[in-house]
Amino acid sequence: MKGSQDHSRRDLLRQASAVALMGALPGLAAGTALAEDAAPALPAAGAPFQAGTVADLARALARRPYAAPRTDDLPGALTGLNREQYNAIRTVPGSAIWSNDALGFTVEPLHRGSVFTGRVALALVEEGTVRPLAYDRSRFEAEGFALPEFKDDPGYSGLRIRARFDGGELTDFATFQGASFFRLVATGQGFGVTARALTLRPADARGEEFPEFRAIWIERPGPGGPLVLHCLVDSPSATAALRMSLRPGGASLCDVEGTVFARAAIDHLGLGGMTTSYFFGPYDRRGADDARAGAYASTGLQIRTGTGEAIWRPARNPETLQVSSFLDDNPKGFGLMQRARSYGDFEDDVQHWEWRPSLWLEPFGAWGPGAVTLLEIPSDSEFNENVLAYWRPKAKLEAGAEFPFGYRQHWCWQPPEASAVAVVSGTRSGKAKGEGNRRLFLVDFTGEGLFTDADLQPTLLSSPGTVAPPILYRYPDAKTVRVSFELDPGGEKTCELRLVLKRGDAAVTETWLYRWTP
């Protein structure tokens, strides 16, 4: 039987896998004594795997000097591959982990190559013990070129997970590859927004650090249960241990529980980081000469503050780097959301941006004071993930400190809870009539409760700049109210706009925030 052959082959490679894993962290060679400043060894084949295994490894690793993993051990035939050539390296049908075990998931190790030169040690956890995964060339087939032979185990660059949504056929569910990046999808979606296991110093004058997955342990799932991954993350300033529980569905869930171990003092930590692409859309084409109506994986940033205020900030592709901080205390949630769900929003027969997931994050416990931070980076390509959102705690970490955290991610079509207020359903901007550089804005709010006997009072502010009194256009059949107003920035280069509709003192819509720049 083919399944028996697969298991036998893995059994024969156990010892080789242990050697590969033990050498995966710099400073330790297989069979050598552990020097005082050497990196800790990863569990060998047959070793017990316990709840604190990865945390103990991360803690020990953080107490030692950082040693960058090798990336120069790949031949040019692999590092020189472009995107299309690398994507031509595929998993041989039937060779995925658990492909013959009738489970709800299969796992496919991913080949190193192209921009994915980093090495991630992979291992299974079955019946409480470790079963390392050694490199196996027979797992892969490549179109147009032959994969090279390796004298030493080159390891893998990450993994792909396929799942049975609602008991159906195995389809793409998640990938973990590149730095500490990972992506999930819900039923019927294509990959879009990318999450980060750990974010350090983005857009910082000192330079951003990109923490990397160094090892991932995958627990064999039980019937109907989630797939649980344990991840070891390493970076010059910190290490981290993460337990991630993944469950596919109409809204796929990922519960993350982890601890950051500070190797050095950290004053710019990012939790729940997520990146997306925004090339051009209805209010920000930035000179794009394109037949499509739009090209973006997320419409904007949604926040639910600790006090319950609902905030919406449209994403942009600005002329210059823009950093925005939304101060808060114990946020209830935030995420990069795709609200454009119609083919007509994009008219793109290849990318189908309307199928991309929204990613909504809910913290576990009280996160304290800090800020939801948004970075918008100029981009000339739809393939650049130029928008980054994350939570930045106010507290700083001293060297040697440990920082536990947890949150739930919803990879979804819609947020898990319906909004209690009308949401922003559209933003448009263009040059106003007349002289000068006045701008016309059209902001649409859609939802129940907008059409009652009580009048709506718009609250519109600009700092700096001036705004003309807004005009409201009501469309009851569409449950939509459009707010039209003009902004006169004068000689200013940046204007912060804020708009909300109220009845009395109560907000009946999200708070629309927008940063105008030329």
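Predicted model: local features only at pLDDT ≥ 70, side-chain atom pairs only at ≥ 80, totals over all residues.
Me: What makes the contact of R220 and E126 a salt bridge?

Reply: The N to O distance between the two side chains is 3.8 Å. A salt bridge is a side-chain nitrogen of Lys or Arg within 4 Å of a carboxyl oxygen of Asp or Glu, and the pair R220 and E126 is therefore counted as one. R220 lies in the loop between β11 (212–219) and β12 (227–234), and E126 in strand β3 (residues 121–126), so the pair ties together parts that are 94 residues apart in sequence. Helices (H or I, at least four residues) and strands (E, at least two) are DSSP runs, numbered from the N terminus. R220 has a relative accessible area of 35% and is therefore partly exposed. D101, E126, R131 and R220 are linked in a network of salt bridges.

Me: How do you know that R408 and D255 form a salt bridge, and what does the pair tie together?

Reply: Their closest N and O atoms are 2.6 Å apart, which meets the rule. R408 lies in strand β25 (residues 402–412) and D255 in strand β14 (residues 252–262), so this pair joins parts 153 residues apart in sequence. At 28% relative accessible area, R408 is partly exposed, whereas D255, at 18%, is buried.

Me: Which strands hold R313 and E376?

Reply: R313 lies in strand β19 and E376 in strand β23 (residues 369–376), so their pairing ties together parts that are 63 residues apart in sequence. The side chains meet in a salt bridge at 3.2 Å, N to O, and R313 and E376 are both buried. By the rule for salt bridges the count comes to 31.

Me: What makes V323 partly exposed, and which patch includes V323?

Reply: V323 counts as partly exposed because its relative accessibility is 40%. V323 is in strand β20 (residues 322–329). L321, V323 and I377 form a nonpolar patch on the surface.

Me: How many residues line the largest pocket, and what is its volume?

Reply: The largest pocket holds about 1,800 Å³ of space and is lined by 49 residues, with R83, N87, F116, Q177 and R183 nearest its centre. A pocket, on a 1 Å grid over the protein atoms alone, is an open set of points where a 1.4 Å probe fits, with protein on both sides within 12 Å along at least five of seven lines; lining residues have an atom within 4 Å of a point.

Me: Which element gives the most to the lining of the second largest pocket?

Reply: Strand β26 does, with 6 residues. The second largest pocket has a volume of about 720 Å³.

Terms used. Residues numbered from 1 in each chain as written. Heavy atoms only, no water. Patch = residues over 30% accessible without salt bridge, like charges linked within 9 Å, V, L, I, M, F, W, Y side chains within 5 Å. Areas by Shrake-Rupley, 256 points an atom, 1.4 Å probe, with all protein chains shown as cover. Buried < 20%, exposed > 50% of the residue type's maximum accessible area, 1.4 Å probe, protein only. Points joined across faces, edges and corners; volume = space filled by probe spheres on them.
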